[in-house]
Amino acid sequence: PACCACSFSSGSPHVPLWLLFSRSPAMPKNKRNKLVSLTRTEKKNRESKTALIDDLHDSLDNYAYVYTFSVDNMRNSKLKEVRNQWKHSRFYFGKNKVMQVALGRTPEDEYKTNLHKVSQKLSGNVGLLFTNKPEAEVSKWFTEFAEADFARSGNVATQTVEVSEGPLPMFSHSLEPQLRKLGMPTTLQKGVITLMKDFIVCKMGEPLTPEQARILKLFNYPMAQFHIRLLTRWSDGKFEVLEEQGQEEEAQGGEMEGDDVEGEESEDE
């Protein structure tokens, strides 16, 4: 006779009871056909743009002067320093198309008289400065303000830099493989990095490679200047060109990108 623990009756096939009462494993969910709604994202983007336009209109109503400016050798940290020194004013840097809408692109839809001329300058690496400071004070401060910084790949070398053969005691021995990888003929001699022969890092007037820019930074050779140039000024319907916008800036067009300031409006909290 069949065992009762293994079958329903003597004529049935042997099936263990644990198999009869166990649950089949759940099949994994198919994620391929999962629908993702973009409604919330689109709504958030619209709200963000509307908020920026409203904020720009508020600045236009509360500040006497509007400047367009461009930045030479943009550095987010440097721009933040300028903002901290000019907390009495407002900076907007990025989202050019939204700012153009806020100002108005034509005489028919401009927020105030001649703002469409300001809007036309918002292309490429250009931002807006709102301030109540007198013209002479603004012009003097931004003309004099400039800070040295390290050049990046693509910048033009402002001088020829050559490193003489011999020990480089300013560097830790652990840096030797990195220097060699950057193209410098180095070796370790008694734990000290040593340059085997004279090495020309860069030549004046030539564009820098990523390796050259890195070496110049390691040897503390700043070859770039962070500088803000005021391009135009608007006040009470009067528009003035202070400096012609360079062709390279106009050619960049579109929206700007960056780490934490570029590509977003720079505002005082």
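Tutor: The protein chain has nine helices and 11 strands, where helices (H or I, at least four residues) and strands (E, at least two) are DSSP runs numbered from the N terminus. This is a predicted model, in which local features need pLDDT of at least 70, side-chain atom pairs count only at pLDDT 80 or more, and totals for chains, interfaces and linings use all residues. Residues are numbered from 1 along each chain as its sequence is written, and side-chain values use heavy atoms, with hydrogens and water left out.

Of the 269 residues in the protein chain, 39% are buried (under 20% relative accessible area, with a 1.4 Å probe and protein chains only; exposed is over 50%, partly exposed in between). The helix to look at is H8, residues 210–218. Gln 212, Ala 213, Ile 215 and Leu 216 are its buried residues. Seen down the axis of H8, they fall within an arc of 165°, so they line one face of the helix; the arc is that of the directions from the helix axis to the C-beta atoms. An α-helix has 3.6 residues a turn, so residues three or four places apart point the same way.

The cover over these buried residues includes strand S5 (161–163) and strand S9 (199–202), judged by contact, meaning heavy atoms within 4.5 Å. Just after H8 comes Asn 220, with a positive phi of about 60°.
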